[in-house]
Amino acid sequence: MEIMAAVPNRMTAIAIRAPGGPDVLIPEERDVPRPAAHEVLVQVAAAGVNRPDVMQRQGLYPPPPGATDIPGLEIAGSVAALGEEVTRWKLGDKVMALVVGGGYAEFCPAHETHALPVADSLSMVEAAAIPETFFTVWHNVFTRGGLKAGETLLVHGGSSGIGTTAIQLAKARGARVIVTAGSPEKCAACLELGADLAINYKQEDFVNATKAATAGRGADVVLDMVGGDYIARNYEAAAVEGRVVQIAFQGSPKATVDFRRIMLKRLTHTGSTLRARAVEDKGAIARAVEAEVLPLLAAGRVKPVIDSSFPLIQAPAAHARMESSAHIGKLVLTL
């Protein structure tokens, strides 16, 4: 293993003292992890904050077997050490990476195939807001959902990190975008990003609004992170041959649904999670994002929307803001 001389033996990381509210996140001194054969050790400059981090803190989303208990699924920084079989990266390279955990720390290992180069046009805060969100949107909207130019995408939670990313990628690839959001300010932010229609779900029924906006046809792809009673309503809002893609359940993972809608409309309801996927699966998603999305990022045609950033030790404040749902775009921790 090759290591930069500056890599210390100990580091500060954010630990979860016990399942609970944001105040259970505490700074702790930990050993700096050693990269495995195909891993790079990243000196973290910034780390994205995501809903799965909140769920892990609450005790609802435990890390996969063998993974660190430190939260954090996406990072950006510089390569500080190389596993003995790493071939793609060299010391000092600026990378952003999807990780299985450990992002809320000064150093974090990442599989070499799950890291991407950071374009000169991106800050480290912006780079840290890309991997989890852009991997998720690309795989679910375009690979699983098969969204094509000229089709209509309905995105729930349009002002979230996932939503703001989905709006931009779908528009960049020639689709029409309808979003739901919970306030006039959030709807305005979505329209400014390029959404064709923003529905305030507290004031308007998204099924009727989607059908009205599509001359009764409905949405070709629905990206849903709500679940619960949205599942049946998504079936109503979807077009014939529509694809409903489930990526989370902020409501209930259970619902009573009339499944005849699937047959009558020839719907596909699919979904995925990212964290527990095989190394090879995530590597394949990374290669697709590198080929299809990085050129858009480098050209400035899409860009992560940053709500706010917090120093690492203010992770509780970042989690509190995420749980308030007041944010528009991504929350990032900085080191």
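Please keep in mind that the model is predicted.

Let's begin with the sheet. Six strands make up an open sheet, in the order β11-β10-β9-β12-β13-β14, and their pairing is parallel. At the edges you will find β11 (197-200) and β14 (268-271), each of which pairs on one side only. As you step from one strand to the next, the twist averages 20 degrees. Strands of a sheet pair through backbone hydrogen bonds, in either a parallel or an antiparallel way.

Two of the strand pairs are worth a visit. In one, strand β9 (residues 152-155) pairs with strand β12 (residues 219-224) in the parallel sense, over 3 bridges. If you want a landmark there, look for Leu 153, which stands opposite Val 221 of β12. In the other, β10 and β11 run parallel and are joined by 4 bridges. Here Ile 178 has Leu 197 in β11 as its bridge partner. To get from β10 to β11, the chain passes through α5, and this β-α-β crossover is right-handed.

Now for the helices that lie on the sheet. α3 lies across β9, β12, β13 (238-246) and β14, and it runs at about 155 degrees to β14. Helix α5 (residues 184-193) packs on the sheet too, where it touches β10 (176-181) and β11. The direction of α5 makes about 165 degrees with that of β11.

Helix α3 (residues 131-144) packs against helix α4 (residues 161-172) at an angle of about 55 degrees, and their axes are 9 Å apart. That angle makes α3 oblique to α4. The crossing of α3 past α4 is right-handed. On the α3 side, the contact is made by Thr 133, Phe 134, Thr 136, Val 137 and Phe 142, while α4 brings Gly 161, Ile 162, Thr 165, Ala 166, Leu 169 and Ala 170. Sorted by class, this contact of α3 with α4 has 7 nonpolar residues, 4 polar ones and no charged ones.

Next comes the meeting of α3 with helix α9 (residues 279-292), where the axes come within 10 Å and cross at roughly 90 degrees. The two helices, α3 and α9, are therefore roughly perpendicular to each other. From α3, the residues in contact are Phe 134, Phe 135, Trp 138 and His 139; from α9 they are Lys 282, Ile 285, Ala 286, Ala 288, Val 289 and Glu 292. By class, the contact of α3 with α9 has 7 nonpolar, 1 polar and 2 charged residues.

Our last stop is another helix pair. Helix α6 (residues 206-213) and helix α7 (residues 230-237) pack at an angle of about 15 degrees, with 9 Å between their axes. This makes α6 roughly parallel to α7, and α6 passes α7 in a right-handed crossing. Phe 206, Val 207, Thr 210 and Lys 211 of α6 meet Tyr 230, Arg 233, Asn 234, Glu 236 and Ala 237 of α7. The class count for the contact of α6 with α7 is 4 nonpolar, 2 polar and 3 charged residues.

How values were computed: Residues numbered from 1 in each chain as written. Predicted model: local features only at pLDDT ≥ 70, side-chain atom pairs only at ≥ 80, totals over all residues. Heavy atoms only, no water. Axes fitted to C-alpha atoms, helices over the stretch in contact; angles between N-to-C directions. Parallel < 35°, antiparallel > 145°, perpendicular 65-115°, else oblique. Left-handed = near helix turned anticlockwise from the far one by under 90°. Contact = heavy atoms within 4.5 Å. Nonpolar A, V, L, I, M, F, W, Y, C, P; charged D, E, K, R; others polar. Pairing = 2+ DSSP bridges. Right-handed = clockwise from strand over helix to strand, strands pointing away.
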